[in-house]
Amino acid sequence: MTVTAPRGPMGAIAPPPEKNGLGELRLAMTHNLRTSGIYVALVALVALFALITGGASLSAGNVTNIVLQYSYILVLAIGMVIVIIAGHIDLSVGSVVALTGAISAITVIKYDMPWWVGVLAALATGLLIGAWHGFWVAYVGIPAFIVTLAGMLLFRGLTLFVLDNVSLSPFPDEYGVIASGFINGWLGGYGYDVFTLVVFALGVVGFAVSQYRSRKARMGYHQPVPPLSLFALKILAVGVLVMAFAWKLASARGLPVVLIMLAVLIMAYTVMMQHTVFGRQIYAIGGNLAAASLSGVKVRAVNFWIFVNMGLLSAVAGIVFSSRTNGAQPGAGNMFELDAIAAAFIGGAAVTGGVGKVVGAMAGGLIMAVMSNGMQLMGIDQSLQSVVKGLVLLLAVAFDIWNKRRAGAH
Amino acid sequence: MPDYILEMRSITKSFPGVKALADVTFSAQRGEVHAICGENGAGKSTLMKVLSGVYPHGSYGGEILFEGEPCEFSGIRDSERAGIVIIHQELALVPHLSIAENIFLGNERRGRGGLIDWHKTQAEAAELLKAVGLNEEPTTQVGQLGVGKQQLVEIAKALAKDVKLLILDEPTAALNDNDSAHLLDLVRQLQARGITSIIISHKLNEIEATANRTTVIRDGQTVETLDMEAPDVNVDRIVRSMVGRDLESFYPERTPTPGKVVLEVRDWTVRHPQQDRLVVDGASFEVRAGEVVGIAGLMGAGRTELAMSVFGRSYGRFISGQTLMHGKPVAPRTVAEAIGRGLAYVTEDRKQLGLNLLDTITRNISGAALPNLAKWGFVDANLEAKLARHSMDSMRIKAPSVQSVVGKLSGGNQQKVVLSKWLLTGPDVLIIDEPTRGIDVGAKFEIYTLINEFVESGKAVVVISSDLLELLGTCDRIYALSGGRITGEFPASEANEEKLMTLMTKEKEAIG
């Protein structure tokens, strides 16, 4: 993971800022706040709901519940932020979640195949749908908005068709493990799961090491880095928050299987977006399509694979969702696309493409999740919840634009 | 006591971390053409934004007097009401609207009940078009006009607002010589009608020919105001004032040592992507190692189209022709293949076609060579950073760090980033389209030096430019292109502006 360069308001030839400790620290703080505002907002939101609900929102059971309940939105948000970085949009993912879940259910429940055959069938369906979208967007040149709007109708219709308009359930128990399974008791513990804590502790150490190495590398190339004190503070804060989260999970049911899957996906896609040629070409296409194509980027191929990937991740979300609801419903996944899109934009992706991060989209998704969950705990009416979510999306993007305007006031 | 229409006194303007205008004092006499010169980043555009109210009163220091009255503009509307109109470098026309609609945009001619009076609109537009010498119907869509004609529409739009002071920001940067001449002629005609003009330009010979007085700004401060009629004032004098030192010459010296032919293009014919006409028609040229070859042509002659179609067929529909690299036929069908064959093409429009302005210097520099910096699809970040660092030093890119966002750099530094990006692909032939458009004198000299360094290492360069002096100053050999055909070829030593212009306008007049 790389740290975004501080986007100073300094002109090209302005001298580097003076090295007086306090001023430097303040400068670094504001820079960091600008790039990590979204994470601060997430923490603040969690604290806010904890206060309002008298700690109920932070109960071990509820924390676990949030993870289980929103994991599939986060999976979709990974694919969606990539699509958005490339300058596209995908409105069909909700329908694709429904169709892939239905295919899996038909395979496993109707035709009595083993659970993993259902999983494979769903994944294959997702890949096919992605290739279908990719073909129209990349090779025919129809805007993704239109292609996926058509896909949204098309695949919802196919879902209704294959399910004959009725729900299909239940799945065998093994299938349920995907969304509702836990790893617990591998290393024992009294009232809490040691294994969960160990896994998270390793994660925190890994994060600290990678951040430290990245900082050292930047210093080696004479690039600006936040002062060591602030760096240590940041690592410490992240470590404490993550371990608090781990403690909650450990004292409930242990490590959710779906969380492991999500963590692997987040890491893999972060690496892909930051360190592979493919990922970098996605940013290049979104940032300036013409320049990318004149630099030898095979724009069509990249666009095609972006949508294939979105199809695949939609299928993963479809599997998780069908597993969680223990069946397939004709109306499954309704409006999921909007949650995924909102997550990406709240997480800092730019409407015009070229800007965005997988981790940012995850934070954006979690903000939506914490809000929904908190409001449910407070017993707020569904209609009002929707109003609040809409306003938060609008304000988050407005804040982002305002921030950029201020930073780039020229 | 001269009659000043505009006086700007001790103007200061700061942005967080940088002082854009430290102390600028500047005044324009009624009815004169006044040029403002300065290197990029000197503060010219900021000054004009202060004047036109883009930066509202209170956000800058100093005072502005227009027609003797102190001005406190809080937006462009205020300054336009006073009679100050600014025409920006990037034209502000709506391509899908007609000429008449554009002229009266935001200043609509209304009839009864506040509805737009279209008859009046068309009639007045037709008169304004006559005034600026544009022979087009008011109903023509602006998007169908060439840049030169669009510029005239902008001026007509300014006239519709009863302009007293017209500010032109780089008016001829995107125009060919014919259109530029026409535009400057128009400025003189407006002068005869009593309209004062301020021209910001990098093209100093145009300033010398048009302006009555020239104010030079450097590092946010007024250096001096020169009377262009004075005997010792010429282009060299302005340059010295702009850079604060003597420039040996605009073009660095180089002794040509042409070697073997690196790139040869034979009978190259390309069709327009949509229309049924040939854009490049049987063009042939060659470039030798250690040689800089120029392609001179007016806008619409097919210069860019020729270069782009050779560069992996990235323009138009290929019809026929052959490319040979080092004597062997090659046929790169994609940009990636062309890069692999040792071709590189620096686009004329670096912001639209050359750079990802949102991304960092490092990532822009590595953009075209990325597959070479990767193993199994994973980019070697250390190698990438090292190469970017090295490019930044050797190309003398001025920026806070390699992680700086390219969109915030000056034009000259952006151009160096684009050049770095292409040099990193290790090309044998570097095609540069308009190498120095919109960048200041100092940076131009550096770009020419970098071109020289590149050919001295045994590589070849093709320069495409509208600036004939630039071609004469940098190239060893020059081809003239007209209507998609090569109409002649000269060693630079035998060429001059007249000879080239004759060939460039041979056969048919270029359109637009």
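A salt bridge here is a side-chain nitrogen of Lys or Arg within 4 Å of a carboxyl oxygen of Asp or Glu. By that rule, the count comes to 25 salt bridges over all chains. Keep in mind that this is a predicted model.

| Pair | Closest N and O atoms |
|---|---|
| Lys161(B) and Glu80(B) | 3.3 Å |
| Arg303(B) and Glu434(B) | 3.9 Å |
| Glu453(B) and Arg396(B) | 4.0 Å |

Start with Lys161(B) and Glu80(B), which form a salt bridge at 3.3 Å. The pair links distant parts of the chain, 81 residues apart: Lys161(B) is in the loop between helix H5 (147-160) and strand E7 (165-169) of chain B, and Glu80(B) is in helix H2 (residues 76-82) of chain B. Glu80(B), with a relative accessible area of 22%, is partly exposed.

Next up is the salt bridge of Arg303(B) with Glu434(B), at 3.9 Å. Arg303(B) lies in helix H9 (residues 303-310) of chain B and Glu434(B) in the loop between strand E19 (429-433) and helix H15 (441-456) of chain B, so this pair ties together parts that are 131 residues apart in sequence. Arg303(B) has a relative accessible area of 4% and is buried. Glu434(B) counts as buried too, at 6% relative accessibility.

Then there's Glu453(B), whose salt bridge with Arg396(B) has its closest N and O atoms 4.0 Å apart. Again the pair links distant parts of the chain, 57 residues apart, with Glu453(B) in helix H15 of chain B and Arg396(B) in the loop between helix H13 (381-394) and helix H14 (411-423) of chain B. Glu453(B) counts as partly exposed at 41% relative accessibility, and Arg396(B) is partly exposed with a relative accessible area of 35%.

Beyond these pairs, a network of salt bridges links Asp3(B), Arg30(B), Glu67(B) and Lys164(B).

**A histidine in a loop**

Is His272(B) buried or exposed? His272(B) counts as buried, because its relative accessibility is 12%. You'll find His272(B) in the loop between strand E11 (261-271) and strand E12 (278-288) of chain B. Leaving out residues up to four places away in sequence, His272(B) touches Arg277(B), Val279(B), Tyr315(B) and Arg317(B).

**Empty space**

Rolling a probe the size of a water molecule over the atoms shows where empty space is left. This structure holds 8 cavities of 30 Å³ or more, and the largest cavity has about 210 Å³ of space. Which residues lie nearest the centre of the largest cavity? They are Ala284(A), Asn356(B), Arg363(B), Asn364(B) and Gly367(B), out of 19 lining residues.

That lining divides into 8 nonpolar, 7 polar and 4 charged residues. Helix H10 (277-287) and helix H11 (289-293) of chain A, together with helix H12 (361-366) of chain B, each supply at least two lining residues. H10(A) gives the most, with 4 residues.

**Chain A as a whole**

Chain A has 15 helices and 2 strands. Of its 410 residues, 48% count as buried. The accessible surface of chain A comes to about 18,800 Å², and 72% of that belongs to carbon and sulfur atoms. As for contacts in chain A with a separation of 6 or more, 79% are between residues 24 or more positions apart.

Definitions and conventions: Residues numbered from 1 in each chain as written. Chains lettered and ligands numbered in written order. Predicted model: local features only at pLDDT ≥ 70, side-chain atom pairs only at ≥ 80, totals over all residues. Heavy atoms only, no water. Buried < 20%, exposed > 50% of the residue type's maximum accessible area, 1.4 Å probe, protein only. Contact = heavy atoms within 4.5 Å. Areas by Shrake-Rupley, 256 points an atom, 1.4 Å probe, with all protein chains shown as cover. 1 Å grid on protein atoms, 1.4 Å probe; cavity = no way out; pocket = protein on both sides within 12 Å on 5 of 7 lines; lining within 4 Å. Points joined across faces, edges and corners; volume = space filled by probe spheres on them. Nonpolar A, V, L, I, M, F, W, Y, C, P; charged D, E, K, R; others polar.
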